[in-house]
Amino acid sequence: MPKITYITHDGEENTVEVPTGLSIMEGAIQNNVKGIDADCGGSMACATCHVYVSENWFSKLEKIHDAETDMLDMAYEPKKNSRLSCQIIVSNDLDGLIVTTPVKQT
Amino acid sequence: MITTDAIIIGAGPVGLFAVHQLGIKGLKSIVIDNLDKPGGQCIELYPDKPIYDIPAVPECTGEELTKNLLEQIKPFNTQFFYNERVDEVMQDKDNWIVKTNNNNEFTAPNIIIAGGVGSFEPRKLSLKEAEKFEGKSIFYAVKNKEAFKNKNISIFGGGDSALDWTLELSKFSKINLIHRRDEFRGAPHTLAEIKKLEKDGKISIKTPCQLESIEGDKDIASITIKFEDGKTEKIKTDTILSFFGLIMKLGPIAEWGLNMNKKTIEVNSENFQTNKKGIFAAGDICSYPGKLKLILSGFHEVALASVECFKRARPEEKYRFEFTTSSKTIQDRLGKK
């Protein structure tokens, strides 16, 4: 099962196994990972599952859709490597993916 | 103090359908919502997005769903209390008393919490110093545009609110429109107008950049923005308007003594009652084994909750299950002849 690492803004690391087909957001919620709220439940409507994807992984992800970029406008401190974790679906190719959660989410 | 059979907290789809399910059983209800209109997340988060899983409705938007639900509950003449948040819930023997932040008081044997993920609040600037200026020179909404005349205003955001207020306030104030990327999200004619204003030197657009700091003691003197390439710029500003949408906060619900599971309220799936008799939770805010956060699940939940509400509101009467197709009583309540 792919391993995903979630790092909080203050450096707390949490590596969990997430089944393929789930989103990075769902992997966080199911494992009680701090820093991802996902208030809207994954309908791309709230920007509270915002993560920063580590540089070397960002380009390997499927391309971001306009609606996700629009939603990221609402997120706290979006950066170039920002994504909504509800839109990243775990696959074997993403084994080892590292995401960092922002200082503030809600 | 207003007395009713059920107090519904939340005017989203589930709260609205609760009015219906109570209404056809002959129960009166009132609805309280922190927003200024009905619809909840359907209206606030995705009014134009199509929903495909409402039974027998192949496709409808959040706005259409809300409109149809309002139509469906029209016969019950329900009173709505908008822009109000329930702050306190107190027990009074077999009844509950609910107090809002507007000092309205309600009493009923039943409360149905259909509060989604909590009440909507503006997403605030993350800078610490923003707090002390809030309401004085930092605003998250424009209530009275007269207050924004002859100012140096910095507007943050890239969506409709930011663009619309830039257009409107540029008529009598100096505007800096600041956004984290070069593209704005808005209607084509709005974008064209914005471009024209910039070309004519009426407004100044700063992209791609974000707020770095706010300078000033009692009043804001200036702000510093940071561009993507790391460069910073100081901008003379006395007023900040920030439009980063709304977030949901659970708020006082957490303090009512209900059994909680993270941000949700635990209920039994027989009647969606919480650990407090007469307080029910339905829709996204409730949790029980197998819970799905779907609108259709919320409809089912309030249907079952309304039966228990009936038993509590009419203890001397026997509950009779009836179909809307054949019940004369229900048809009367719906105003059908």
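**Architecture of chains A and B in a predicted model**

A:Q30 counts as exposed because it has 12 C-beta neighbours inside 10 Å; a residue is termed exposed if 12 or fewer other C-beta atoms, placed from the backbone, lie within 10 Å of its own, buried if 20 or more do, and partly exposed in between. The structure is a predicted model, in which local features need pLDDT of at least 70 and side-chain atom pairs count only at pLDDT 80 or more, whereas totals for chains, interfaces and linings use all residues. Residues are numbered from 1 along each chain as its sequence is written, and chains are lettered from A and ligands numbered from 1 in the order in which they are written.

A:Q30 belongs to helix α1 of chain A, which spans residues 24–30. The C-alpha atom of A:Q30 is separated by 9.9 Å from that of A:V16, 14 residues apart along the chain. Chain A contains 3 helices and 5 strands, where helices (H or I, at least four residues) and strands (E, at least two) are DSSP runs numbered from the N terminus. Their order from the N terminus is β-β-α-β-α-α-β-β.

The C-alpha atoms of chain A occupy a box of roughly 30 × 25 × 25 Å along the principal axes. Of the 106 residues in chain A, 41% are buried. Among contacts in chain A with a separation of 6 or more, 67% join residues 24 or more positions apart, a contact being a pair of residues whose C-beta atoms, placed from the backbone, lie within 7 Å.

Chain B comprises domain 1 (2–121 + 247–333) and domain 2 (124–244), with bounds from an automatic or database domain assignment. The centres of these domains, taken over C-alpha atoms, are separated by 38 Å.

The largest nonpolar core has 108 residues, of which B:I111, B:I112, B:I113 and B:A282 touch the most other members. Such a core is a set of buried Ala, Val, Leu, Ile, Met, Phe, Trp, Tyr and Cys residues joined through C-beta atoms within 7 Å. Helix α7 of chain B (residues 295–313) supplies the largest share of this core, 7 residues. Leaving aside residues up to four places away in sequence, B:A282 touches, among others, B:V14, B:F272 and B:V302.

The contact between the chains takes 16 residues from chain A and 16 residues from chain B.

Terms used. Two residues are in contact if their C-beta atoms, placed from the backbone, lie within 7 Å.
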